[in-house]
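Here's a quick tour for anyone meeting this structure for the first time. Have a look at it, then read on.

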Amino acid sequence: MKKLVVIGAGGFAREVAWLVEDINAVNNEWELLGFIDENAANHGKVLNGFPVLGDFDAFYNKGSSEPIYAVCAVGNPRIKTSLVHKALEWGFKFTNLIHPTVLMSHFVKMGVGNIICAGNILTVNISLGSFIIINLNCTVGHDVVISDYSTLLPGVNVSGNTMLNTGCNIGTNVSIIQGISIGEWSTIGAGAVVVNNIPPCCTAVGVPAKPIKFHDEQIKL
């Protein structure tokens, strides 16, 4: 079995631990060591049977001669980006976790560090980058491109030929019609219906979705 840690110790991290258990029930692949978290108040806690091992430094100071795989279970794309960069500097090797119930054609291409939760449907000719979270019960249509560090919260429907640029944060039950482009580091509020292109670095809400505020500069990757 390959050794795995989950970066983060929040609610979604506990859900990812459950996802790992479901994967192991079908194919006994992962030895989940526990959680890595930079919040010292969480160190030493046990979450649903798995320990919070410490931060990156504390964990690696314990020493390990075997490769350690990781996923980052933090939904906020900006925070996720920072944590992924730290994990890569410490030598973690990222993997993809895909729940056994996911329906996904063999025409889907993806990078590394992706988490695809239960109940999702990904159709054909889809391109996923790296460090993407697709939470419960989403649909992703044909020819969709989802770029690095993006997060789809539960119940998102992405229609065909849509482009989600780097670091998009798509809220619960958002619907995106075909052919739309959403700019990098933009957030779409829960329940929005996206029928027009969305510019970078903004928060858009409503039916139809419209930008209500713009954020600071883009993250340098």
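How many aromatic pairs does a search of the whole structure find? It turns up four. Keep in mind that this is a predicted model.

## Phe56 and Phe92

Phe56 belongs to helix H2 (residues 56-61), while Phe92 sits in the loop between helix H3 (77-89) and strand S6 (93-94), so the pair ties together parts that are 36 residues apart in sequence.

## Phe131 and Tyr149

Next up is a stacked pair: Phe131 and Tyr149 lie 5.3 Å apart centre to centre, with 20° between their planes. Phe131 is in the loop between strands S12 (126-128) and S13 (133-134), and Tyr149 is in the loop between S15 and S16 (151-152), so this pair ties together parts that are 18 residues apart in sequence.

Phe131 counts as buried at 9% relative accessibility, and Tyr149 does as well at 5%. Ring pairs also bring in Phe94, making a cluster of Phe94, Phe131 and Tyr149.

## A charge over a ring

Over at Tyr69, the charged end of Lys2 sits over the ring, 5.5 Å from its centre.

## The sheet

Five strands make an open sheet in the order S9-S12-S15-S18-S21, paired in parallel. S9 (108-110) and S21 (181-182) are the edge strands, each with a single partner, so one side of each has no neighbour in the sheet.

Further in, two bridges join S15 (residues 145-146) to S18 (residues 163-164). Ile146 stands opposite Leu164 in S18.

How values were computed
Residues numbered from 1 in each chain as written. Predicted model: local features only at pLDDT ≥ 70, side-chain atom pairs only at ≥ 80, totals over all residues. Heavy atoms only, no water. Pairing = 2+ DSSP bridges. Helix = DSSP H or I, 4+ residues; strand = E, 2+ residues; numbered from the N terminus. Phe/Tyr/Trp six-rings, centres within 6.5 Å; stacked < 30°, edge-to-face > 60°. Buried < 20%, exposed > 50% of the residue type's maximum accessible area, 1.4 Å probe, protein only. Lys NZ or Arg CZ within 6 Å of the ring centre and 35° of its normal.
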